Amino acid sequence: MAEIAAELVAVERKLWEGTATSVTAQTLEGEIGVLPGHEPFLGQLVDNGVVVIRTADGEKLVAAVQGGFLSVSTEKITVLAEVAKWASEVSTAEVEALADSEDEKDRDLADAEKRALARAQEK
């Protein structure tokens with residue numbers, strides 16, 4: 001299967017860098033799946049979105065993201081998010097606490113994290 005260099009970076013840390021067979025992200029234009037050989041593209045990520053990376057090793061990585069950009073070149077796919085958190089780092093109790101918050105941003109983050117958890121559980 002074809003592969004391409006990819007990375008997921010948030011403002012506070014680099015979450016992952018390696019070789020991917022596909023990257024799926026939610027942009028303002030809609031959800032986009034990127035495969036090796038895709039035309040160059042720059043898209044704005046939605047707030048409270050989900051990014052799915054399928055690695056060359058067959059692993060599925062799922063992250064909740066808050067804003068940022070998806071950059072696709074002929075050599076690399078880069079997801080640059082304002083905030084990103086792996087689905088594996090999210091606890092159900094944390095999501096419930098955020099969902100009950102009076103702060104709208106916390107509730108939005110809880111929604112993104114719930115969707116990331118659900119996507120991580122899909123095959």
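Which residues in α1 meet which residues in α2? I opened the predicted model with that question.

**Entry: the helix pair**

I listed the α1 side first: Glu94, Val95, Leu98 and Ala99. On the α2 side I found Asp106, Arg107, Leu109, Ala110, Glu113, Lys114 and Leu117. I then sorted the residues of this contact by type. There are 6 nonpolar and 5 charged residues, and no polar ones.

Next I looked up the geometry. Helix α1 covers residues 92-99, and helix α2 covers residues 104-121. Their axes lie 7 Å apart, at an angle of about 150°. I noted the crossing of α1 and α2 as left-handed.

I moved on to β6, residues 60-72. How many of its 13 residues are buried? I got 10, so I wrote the strand down as mostly covered, with under 20% relative accessible area as the cut-off for a buried residue.

Then I went through the strands that pair with β6.

- I checked β4, residues 41-44, and found 4 bridges to β6, with the two strands antiparallel.
- I checked β5, residues 49-55, and found 6 bridges to β6, again in the antiparallel sense.
- I checked β7, residues 76-86, and found 9 bridges to β6, also antiparallel.

**Entry: single bridge partners**

I picked Phe69 in β6 and followed it both ways. Phe69 is the bridge partner of Gln44. In β7, Phe69 has Leu80 as its bridge partner. I also looked up Arg54, which stands opposite Lys60 in β6.

**Entry: the hairpins**

I looked at the turn from β5 to β6. This hairpin has 4 residues between the strands. Which residue there takes a positive phi? I found Gly58, with a phi near 90°. I then checked the link from β6 to β7, a hairpin through 3 residues.

**Entry: Ser22**

Is Ser22 buried or exposed? I read 13% relative accessibility for Ser22. Ser22 counts as buried because that value falls under the 20% cut-off.

I then asked what Ser22 is in contact with, leaving aside its neighbours within four places in sequence. I noted Val34 and Leu35, and also Val52, Ile53 and Arg54. Arg54 was already in my notes as the residue opposite Lys60.

Notes:
Residues numbered from 1 in each chain as written. Predicted model: local features only at pLDDT ≥ 70, side-chain atom pairs only at ≥ 80, totals over all residues. Heavy atoms only, no water. Buried < 20%, exposed > 50% of the residue type's maximum accessible area, 1.4 Å probe, protein only. Pairing = 2+ DSSP bridges. Contact = heavy atoms within 4.5 Å. Axes fitted to C-alpha atoms, helices over the stretch in contact; angles between N-to-C directions. Left-handed = near helix turned anticlockwise from the far one by under 90°. Nonpolar A, V, L, I, M, F, W, Y, C, P; charged D, E, K, R; others polar.
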